[in-house]
Amino acid sequence: MAGKTLFDKVWEAHVVVEEPGKPPLLYIDLHLLHEVTSPQAFEGLRLAGRRVRRPDLTFATMDHNVPTTPRIPGQPLSPDPIAAQQMETLIRNCREFGITLFDLYSPDQGIVHIIGPQLGLTQPGKTIVCGDSHTSTHGAFGALAFGIGTSEVEHVLATQTLPQWKPKSMEIWIEGELGLGVTAKDVILGLIGQIGTDGATGYVVEYRGPVVERMTMEERMTICNMAIEAGARAGMVAPDATTFAYLEGRRYAPKGAAFERAVAYWETLPTDPDATFDHRVVFDVSRLAPQVTWGTSPGMVTDVTGRVPDPSEFADPETRRAAERALEYMGLEPGTPIQEIKIDRVFIGSCTNARLEDLRAAAQVVRGKKVAPGVRAMVVPGSQWIKYQAEQEGLDQIFKEAGFEWREAGCSMCLGMNQDILQPGERCASTSNRNFEGRQGRGGRTHLVSPVMAAAAAIYGHFVDVRELGVLTA
Amino acid sequence: MEPFRVHRGLAVPLDRINVDTDQIVPKQFLKRVERTGFGQFLFYDWRYDEQGQPRPDFVLNLPRYQGATILITGANFGCGSSREHAPWALKEYGFRAILAPSFADIFYNNCLNNGLLPVRLEAEVVGELMRRATEEEGYYVTVDLEACQVRDDHGLVQPFELDAFRRRMLLEGLDPIDITLEHEAAIRAYEAAHPGW
């Protein structure tokens, strides 16, 4: 019998019922909630007179809408009354249905995909869902984690299961040696540039190979986070010693003998040597440069040493038209060197790149320097715990002395649902995951980059090749 | 859920690829706690200018496409965010079916859960439908889920696929949660066999 992939093993361990002609019913081990995609699901439960089946497997936080300005108890949750109502609705729903909520004043509050791993809720072999496409982040631990819609949120609340057709499997083999200053963010952007934003649609991706094995958990989370930007249903990385070391001692991770039992099981999860995938992609990172997006889709990306492409270079007419529209929206001329593009704003944050390691790397670039005149730069830590840890290390001082704003945790300008938005025409170097039209604010122009590249752009006022600054150490 | 069987309606072409859910419903409109009220925000930044005035050149604003219920569009429609507000907005605006070469996975499921039929067709077929909807004023298309066919009034007949399970759910307008709850005993047995660490 052929061997099994990591995905096969996690999938098969969660099939509750499988009948011919019907999608298998999959058990869900962890359900994460936030304020934006859950209210209609709770309302649906109420209308049907249903309960939350497993409140003990369900955890909530508020992140999408939350202000990142100082939080004062007794003050309104948001200056935006509609956003405040959405948060109050989540508080009420969690109270009524008995769900643990990390609210605005909790030291555990943060972006849902950051706090899951941080609290040890995210574990190898689990099935994890959330009404948010970046749920793929949790796959870094060898979990099967995917985003769902609100109807499916309601389904999981009511039944703790989800009927799902099994997606196909794709191996993305990442090999070569990453240069200094070339990060996990550049790996995933470069990969999406190669396979396209629908290159993995219909697939669960497993990232494999020597580069992935050497990655930290934070780096693995970055590449799994943006699996959705390649269209993937989920991204996964096999659990290993790096994974176990990250998890040991975290609040919701198993303890003592239970941890030993868990590790013994987790060690059985990696893909068998004789397993096969439905599709295979090889990505060599040896000559990969820091990446900068130039358009309005994450696949519109090039090297920092490159130029804005000429749409006429694209053979496919639809791609050409999309590139023309993107350049018009972005206010860019074909052939412009990437390093001549001036920026107005810098955003270091999001579930892609707002972990402690990201902030440390950005601080290396910022230390002792000043944000360029006319540039407004902000750091939004991914969680209140990360913010606290960063402050213990003095990272906040490095950023603040350079002229960065140092904010409270939340999704913030990644999607601009709170007050942190771009003004029309403003151009932003952003460590987030989507450069869609209007994503960071109507008329705003987003360039996706790594934290060190964003930090460098803040100092110089335009994109620069961070490798040439001589400030990074391995 | 509202059943979908056979629908004949005016078709509108949106000739773009990779239309993301941020375009379908911009994020500033996601703060409602109801499932309703999103139709007015559909494609907001494309339909309206900075002053909130309709952009006369955007396809949905052209008088000839008023009342359209079938959207013909490019590949990878609905990519990006998982927001179900996107199909809610499309449905409330009046769309009953979307014809495209491909859809993003989460969006595809979200549509099916709302009785909005996403139909995958070959890129050449979509191109031809788009051409006809552009050139012919008052171009009507029939989307027939009973026969799994897309047809027009000029003899175009194109089969499409949807798995039998989802097809039945849509044809009969079944509630997926009710179907799952028929397996209550199996879910309980699964939980008993998997107590956790």
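I count a contact as heavy atoms within 4.5 Å. This is a predicted model: local features need pLDDT of at least 70, side-chain atom pairs count only at pLDDT 80 or more, and totals for chains, interfaces and linings use all residues. Residues are numbered from 1 along each chain as its sequence is written, chains are lettered from A and ligands numbered from 1 in written order, and side-chain values use heavy atoms, without hydrogens or water.

**Helix α6, chain B**

I looked up α6(B), residues 164-172. Helices here are DSSP runs (H or I, at least four residues), strands likewise (E, at least two), numbered from the N terminus. Its buried residues (under 20% relative accessible area, 1.4 Å probe, protein chains only) are B:Phe165, B:Met169, B:Leu170 and B:Leu171. They pack against α4 (105-112), β4 (117-120) and α7 (176-181) of chain B. At the helix start, a side-chain oxygen of B:Asp163 lies within 3.1 Å of the backbone nitrogen of B:Phe165. B:Gly173 follows the helix, with a positive phi near 65°.

**Positive phi elsewhere**

Most residues other than glycine have a negative phi. I noted A:Gln160, with phi near 60°. A:Gln160 sits in the loop between α5 and β8 (161-163) of chain A. Is A:Gln160 buried or exposed? A:Gln160 counts as buried, because its relative accessibility is 0%.

I also noted B:Asn18, with phi near 55°. B:Asn18 is in the loop between β1 (6-14) and α1 (21-24) of chain B. B:Asn18 has a relative accessible area of 23%, so B:Asn18 is partly exposed (between buried and exposed, the latter being over 50%).

Terms used. A polar contact is a pair of N or O atoms within 3.5 Å; within protein, one must be able to donate a hydrogen and the other to accept it, and residues adjacent in sequence count only if both atoms are side-chain atoms.
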